[in-house]
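Dear colleague,

Please find below the structure that I am handing over to you, followed by a summary of what was found in it. I would be grateful if you could read the two side by side.

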Amino acid sequence: MQFHHHGYVSEDPRIEEASGTGVNRPDTLPDQVDVLIVGSGPAGMIAAAQLAKFPNITTRIVERRPGRLRLGQADGIQARSVETFQAFGFAERITAEAYRITEMAFWTPDPDNPSHIVRSSVAPDDASGEISEFPHLIVNQARVLDYFAEFARNAPARLTPDYGLEFQDLRIDHGEDYPVTVTLRHVCGDQEGLERTVKARYVIGCDGAHSRVREAIGRKHIGKVANHAWGVMDVLATTDFPDIRTKCAIQSASGGSILHIPREGGHLFRMYVDLGEVAGDDNRRIRQTTLETTIAKANQILHPYTLEVKDCAWYTVYEVGHRVTDKFDDVPPEATGTRAPRVFITGDACHTHSAKAGQGMNVSMQDGWNIAWKLGHVLSGIAPESLLETYSSERQVVAQNLIDFDREWSSLMAKPAEEFSNPQELKEFYVKTAEFPAGFMTEYQPSMITGGKAHQHLATGFPVGKRFKSAPAMRVCDGNDVHLGHHATADGRWRIYVFADQSAPTGHSPLTNWADWMLNSPRSPVVKYTPEETDLDSLFDIKVIYRRPHGEVEFGPMIPALFMPKVGPFQLTDYEKVYAVDPEHDIFEARGIDPKGAVVVVRPDQYVSLVTALDATDELAAFFDGAMLGQRR
């Protein structure tokens, strides 16, 4: 964390100085806003947190609940989400209070006594850290929302939710400065029952599976219910089941299956209990299944072990459904490219699936982050409106891949034990597909913010279109061994990581030529697009990694000025842009960096946009000319 560059800070440095719309922010919802977020679930709160870093934009978030969420439905936090929390500054704190999954036990019918279950195998959960340096966690969704709310509240825009307001409808009048008219209704307080309207430039619908925003823009949920029901309970209980504090997939010979997930705090756990097939004419009667019935079913599956529930914090029954909305914005498919979208839908509003793969909250947060930084850039005049078209095209593919994965996983979970040809089939699928549910299989296709792969061979470990996979490096200024990507915060900036050629840092080299071009050429994106009267790194956070050990790189003439920018009102030198090789973890070897070096461009939500050679400055300039708007300096 960097601070003091605007003057001495003696209090919590996470509380930034209010600026722009955050100064004297009105308590009541204004009549006009730039962005209106509907719903304060995971997608809505991460969008609010990101947009709170753009104080020149008026953003408000409305929620029908009277206050913060107390009991969250989701609880699975995949490694990609913890990586995201790192960017928002709370990965360590939420990890400290969460339950960490390190392995998964698989229970199947005892071959010698099929009426009993036995532990048949245990699979480690990324034990080597090969998938990610971040853990797989379980924690209440409400706490995730609390942390994002804290970030938004402490950011320059001082963004907080407007509770007790329910979305009713919207109308789009193209051509107006604030084209989206939203009707809201007060559902609590002194004004309960009264309606009011708000005009917005853009609306983000984060209002769940029964989204009214989705209905208002005429989008359709496509898919069907799988006719299989599960009872879900968060409980405190006494039991003789030995793996009660281990994540388990439990299959019985005749009683169905359980997905068992320990919760944070050491005592609470969640069970997804198989309630079986649902008749076509059930008319949702299965959803009336009582907690007592579900507990009895759980005991049947766990035999010979028993479960005595002492307290239930949350209980529901759901039927597995797999649906993806036909498009994630308001522009009809045939009109794409002819006008900018004004309304976007995220999370459960545009994709629904089972909860057992632990994907709902995780994918929803990436939806919200994706659209939020793009709106921040468009409304700040950094990027053209055409950038907004990439939201639906990028995230709809991700949602469909999720549905396909979840359909297979949930089908396996519901499959009777006797139908498995191999008792280890469920475990094998879990291990084989581990990278997908961890959140690291997303790969965006070429667009105005994702380049081609002509230079991919220069950095094979940073695939274009996939998230930037961090690795350790040695920070030169203080000799600290740090993860390179962990310094990238959710501040809306592009990241450019420059991996030096073998000849750097002494004398003239491809690296010094590149740095000189970036600092002085009129074609350089830093020169063309960095806003006037701002720090050199206000839009592009550029770091250099030398192919030398820490002791062979020193600050002074050998370091180009680009990598030692002056920041803040006192124009202090930022020393945290220069890195060297960690002798125990060579990042050049780990990420397949060519001896000639490479430039890796990463967009604000941590996905690799481009890999180029140090001498491919024309390509770098052309890329940003397509992603940025107008002459800045």
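Which residue in E7 is the bridge partner of Ile 77? The bridge partner of Ile 77 in E7 is Leu 137.

Before the remaining findings, a note on the basis of the work. This is a predicted model, in which local features need pLDDT of at least 70 and side-chain atom pairs count only at pLDDT 80 or more, while totals for chains, interfaces and linings use all residues. Residues are numbered from 1 along each chain as its sequence is written, and side-chain values use heavy atoms, with hydrogens and water left out.

Sheets and strands

Helices (H or I, at least four residues) and strands (E, at least two) are DSSP runs, numbered from the N terminus. Two strands are said to pair if DSSP finds at least two bridges between them. In general, strands of a sheet pair through backbone hydrogen bonds, either parallel or antiparallel.

E3 and strand E7 (residues 136–138) pair in the antiparallel sense over two bridges. They belong to an open sheet of three strands with the order E3-E7-E4 and antiparallel pairing. Its edge strands, E3 and strand E4 (99–101), each pair on one side only.

Burial

A residue is called buried under 20% relative accessible area, exposed over 50%, and partly exposed in between (1.4 Å probe, protein chains only). In E26, five of the five residues are buried. Ala 598, Val 600 and Val 602 are on one side and Val 599 and Val 601 on the other, and both faces of the strand are covered.

In helix H1 (residues 42–51), 10 of the 10 residues are buried, so the helix is largely enclosed by the rest of the structure. Among them are Met 45, Ile 46, Gln 50 and Leu 51.

Salt bridges

With a salt bridge taken as a side-chain nitrogen of Lys or Arg within 4 Å of a carboxyl oxygen of Asp or Glu, the count comes to 49.

- Asp 162 and Arg 60 form a salt bridge whose closest N and O atoms are 2.9 Å apart. Asp 162 lies in strand E8 (residues 161–163) and Arg 60 in strand E2 (residues 59–63), so the pair ties together parts that are 102 residues apart in sequence. Both Asp 162 and Arg 60 are buried.
- Asp 146 and Arg 68 meet in a salt bridge at 2.7 Å, N to O. Asp 146 is in helix H4 (residues 141–154) and Arg 68 in the loop between E2 and strand E3 (76–77), 78 residues apart. Arg 68 is partly exposed, with a relative accessible area of 45%.
- Glu 443 and Lys 453 meet in a salt bridge at 2.6 Å, N to O. Glu 443 is partly exposed at 35% relative accessibility, and Lys 453 is partly exposed at 46%.

With kind regards
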